[in-house]
Each structure stands twice: as C-alpha cells, then as structure tokens.
Amino acid sequence: MNLMESMPQIAQEIAHLHVEIQNTKEALQTAKQDVDFLTEFSNRTNDINKILVSQLQETNEHGHGLTNALEPVENTHPTIVCRSCFSRGACMLILPCHHLTTCKSCGVHLTMCPICGTAIAEAIECRFV
Ligand SMILES: [Zn+2]
Ligand SMILES: [Zn+2]
C-alpha cells in the first residue's frame with residue numbers, strides 16, 4: 001500500500017478524531033457545569049445547616065430543647081432519670097422490688113430491674129401530679 005492510496009483513510013480517521021475531540025470538549029463542559037451546580041448546592045446546604053444549628057442553639061438556650069419538643073408527651077419523674085436509656089425521665093414502678101427506675105419505652109422491654117436485678121413481675125406507669 002503506498003502513501004497516496006492510504007491518504008483518504010488517514011483523512012477519514014483524522015475527521016473522526018476531530019469529532020471525538022469535540023464530543024470530549026462538550027462532555028467536559030457539561031461536567032464543569034455539574035461541578036459548578038454541586039459547589040453552589042453544597043454552599044447553600046452549608047448555609048441552611050448554619051441556620052438550623054443557630055436555631056437549635058437558640059431553642060436550647062430558651063430551655064426548650066429540640067429533643068424534648070419532639071418527644072411524645074410522657075408523664076415522667078422530673079429528677080429521676082431512666083437507668084436504661086439515661087435520656088428520659090423515669091415513670092415505671094417495677095414490681096415486686098418497687099424501684100422507680102425506667103421510662104415507659106424501656107420499661108416494656110426490660111425483664112430485670114436495672115437497680116437490683118429482680119425479675120420484673122409487673123411495671124406500673126406512675127403519675128406525679
Ligand atoms: Zn428509658
Ligand atoms: Zn429493683
């Protein structure tokens with residue numbers, strides 16, 4: 001095969017490569033737009049996060065923690081904390097040992113008193129008012 005005969009083939013390959021370069025450029029452009037969009041999106045998400053955090057701090061400063069606001073209203077002891085989850089007030093009186101040690105959610109799952117280890121025969125929900 002001499003050079004003159006292979007010229008059209010080479011020209012075709014070059015044309016094909018041009019098209020590929022063009023496609024790659026377009027893909028790069030699209031990718032760049034995606035990056036711009038995601039950068040802006042993450043900036044905005046950061047802003048929203050900051051607002052939420054400051055709102056949360058404000059809420060806590062006023063003595064109404066968000067956790068409390070989201071908890072279902074439960075009649076719990078104001079000072080005795082549940083010995084099982086340590087996050088809610090205790091309201092379940094355990095029988096037969098009479099220990100007041102768990103919140104309602106934990107009380108229904110427990111089989112033994114967290115204080116003395118007595119097998120729970122019954123747990124009674126108490127009222128403090
Ligand atoms: Zn609990
Ligand atoms: Zn007990």
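What pattern does the protein follow when read along the sequence? The answer is α-α-β-β-α-β. That comes to three helices and three strands. Both are DSSP runs, numbered from the N terminus: helices are H or I with at least four residues, strands are E with at least two.

This is a predicted model, in which local features need pLDDT of at least 70 and side-chain atom pairs count only at pLDDT 80 or more, while totals for chains, interfaces and linings use all residues. Residues are numbered from 1 along each chain as its sequence is written, and chains are lettered from A and ligands numbered from 1 in the order in which they are written.

Take the overall figures next. Of the 129 residues in the protein, 10% are buried. Buried means that 20 or more other C-beta atoms lie within 10 Å of the residue's own; exposed means 12 or fewer, partly exposed in between, with C-beta atoms placed from the backbone. Among contacts with a separation of 6 or more, 28% link residues 24 or more positions apart. A contact requires C-beta atoms, placed from the backbone, within 7 Å.

Now the sheet. The three strands form an open sheet in the order E2-E1-E3, and the pairing is antiparallel. Strands E2 (99-102) and E3 (122-125) stand at the edges with a single partner strand each, so one side of each has no neighbour in the sheet. From one strand to the next, the twist averages 40 degrees. Such angles run from 0 to 180 degrees between N-to-C directions, with axes as lines fitted to C-alpha atoms, for helices over the stretch in contact. Strands count as paired if DSSP finds at least two bridges between them.

Follow E1 (residues 92-95) towards E2. Three bridges join these antiparallel strands. Met-92 stands opposite Thr-102, Leu-93 is the bridge partner of Leu-100, and Ile-94 stands opposite His-99. The hairpin of E1 and E2 has three residues between the strands, and His-98 takes a positive phi near 65 degrees there.

E1 also pairs with E3, again antiparallel, over four bridges. Here Leu-93 has Ile-124 as its bridge partner.

Met-92 and Ile-94 make up the covered face of E1, Leu-93 and Leu-95 the uncovered one.

Last, the annotation. An unreviewed UniProt entry gives "domain: RING-type" for residues 82-116. Positions follow the numbering used here, feature names are shortened, and annotations may be inferred rather than shown by experiment. The span 82-116 is 11% helix and 23% strand, and its end C-alpha atoms lie 14 Å apart.

Technical notes: Contact = placed C-beta atoms within 7 Å.
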